[in-house]
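Please open the model in a viewer and keep the selection panel at hand. The stops below are given in the order in which they may be selected.

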Amino acid sequence: MGQTTILVVDDDREIVGAIAKLLELEHYTVLRAYDGLEALEALHTHDVQLMILDVMMPRMDGLSATMQIRKEKNVPILLLSAKTEDADKIAGLAIGADDYLTKPYNPMELVARVNAMLRRYLALGTANQTTRGNVVTLGGLSLDLDEKQLTVDGAPVHLTATEYRIVSLLMQNPGRVYNAEEIYERVWNEPGYSVENTVMVHIRRIREKIEINPKNPKYLKVVWGLGYKMEKIQ
């Protein structure tokens, strides 16, 4: 994992230093930045596999930085914040963050989340993979499992690593209803407790991306009180 680079961003230099030491003990390469603008500059000059991003920072805060990053990159983002309200977590996830951890945090939990996020992200492979015809199709949706690419009516859709794994799970099991806990456990590889809001936000983002044509059927269905499914569409 020595070739894996993580960008840590917080205006508190002591926090950045403490997180960097934790991650370096795990043999990660760590880059440091102290506000959102520095983070964007670092992303444009280095190959980064994951970001740990504080929400409250000067010049450009973590939420604004996340919105900018999502316009061009799928790099996993773990937000850190002292805010504990569900509304704040949902806001962070809604604009493109993959996970959210509140301060003060358990250092071992931080490391565990980083390791889990990287396993999911790196499992997606790279753009150099060769297509072998391993494609799942539902109506106008087409998911190439080798290229890790979703298209809607032939147009590529920009998914984060977490969104891709949710789509892959549901598209490969059309018609099956998964509750939020099942989705969380399969996608995040962690026990799912009180995760409805987290999963709901990712589902909403996916629907916004794939249901762009009002003439198309609604592919991703909410089964009220039960969970979520992909419709069986030929």
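Begin with helices α2 and α3, which pack at an angle of about 25° with their axes 9 Å apart. Axes here are lines fitted to C-alpha atoms, for helices over the stretch in contact, and angles run from 0 to 180 degrees between N-to-C directions. Because angles under 35 degrees count as roughly parallel (over 145 as roughly antiparallel, 65 to 115 as roughly perpendicular, the rest as oblique), α2 and α3 are roughly parallel to each other. Their crossing is right-handed, a term used if the near helix is turned clockwise from the far one by less than a right angle, and left-handed if anticlockwise. To display the contact (heavy atoms within 4.5 Å), select Gly 36, Leu 40 and Leu 43 of α2 together with Ala 65, Gln 68 and Ile 69 of α3.

Two notes on conventions apply throughout. The model is predicted, so local features need pLDDT of at least 70 and side-chain atom pairs count only at pLDDT 80 or more, while totals for chains, interfaces and linings use all residues. Residues are numbered from 1 along each chain as its sequence is written, and side-chain values use heavy atoms, with hydrogens and water left out. Helices (H or I, at least four residues) and strands (E, at least two) are DSSP runs, numbered from the N terminus.

Next, select Pro 76, in the loop between α3 and β4 (77–81). Is Pro 76 buried or exposed? Pro 76 has a relative accessible area of 2% and is therefore buried; buried means under 20%, exposed over 50%, and partly exposed in between, with a 1.4 Å probe and protein chains only. Leaving aside residues up to four places away in sequence, Pro 76 touches Gln 49, Leu 50, Met 51, Arg 70, Asp 98, Met 117 and Tyr 121. A C-alpha to C-alpha distance of 8.7 Å separates Pro 76 from Ile 52, 24 residues apart in sequence.

Now turn to the salt bridges, each a side-chain nitrogen of Lys or Arg within 4 Å of a carboxyl oxygen of Asp or Glu. By this rule there are 13 salt bridges. Select Arg 59 and Asp 35, whose closest N and O atoms are 2.9 Å apart. Arg 59 lies in the loop between β3 (50–54) and α3 (62–69), and Asp 35 in the loop between β2 (29–33) and α2 (36–45), 24 residues apart. Arg 59 is exposed at 61% relative accessibility, whereas Asp 35 is buried at 6%.

Move on to Glu 163, which forms a salt bridge with Arg 205, the closest N and O atoms being 2.6 Å apart. Since Glu 163 belongs to α6 (residues 161–171) and Arg 205 to α8 (residues 196–210), this pair ties together parts that are 42 residues apart in sequence. Glu 163 also pairs with Lys 209, at 2.7 Å between the closest N and O atoms. Glu 163 is buried at 0% relative accessibility, Arg 205 is buried at 5%, and Lys 209 is partly exposed at 25%. A further selection is the salt-bridge network that links Asp 10, Asp 54 and Lys 103.

Finish at the largest nonpolar core, which has 30 residues. Such a core is a set of buried Ala, Val, Leu, Ile, Met, Phe, Trp, Tyr and Cys residues joined through side-chain atoms within 4.5 Å. Leu 150, Met 171, Val 199, Ile 210 and Met 230 have the most contacts inside it. Helix α6 supplies the largest share of this core, six residues. Centre the view on Leu 150, whose contacts beyond four places in sequence include Leu 141, Val 167, Met 171 and Ile 210.
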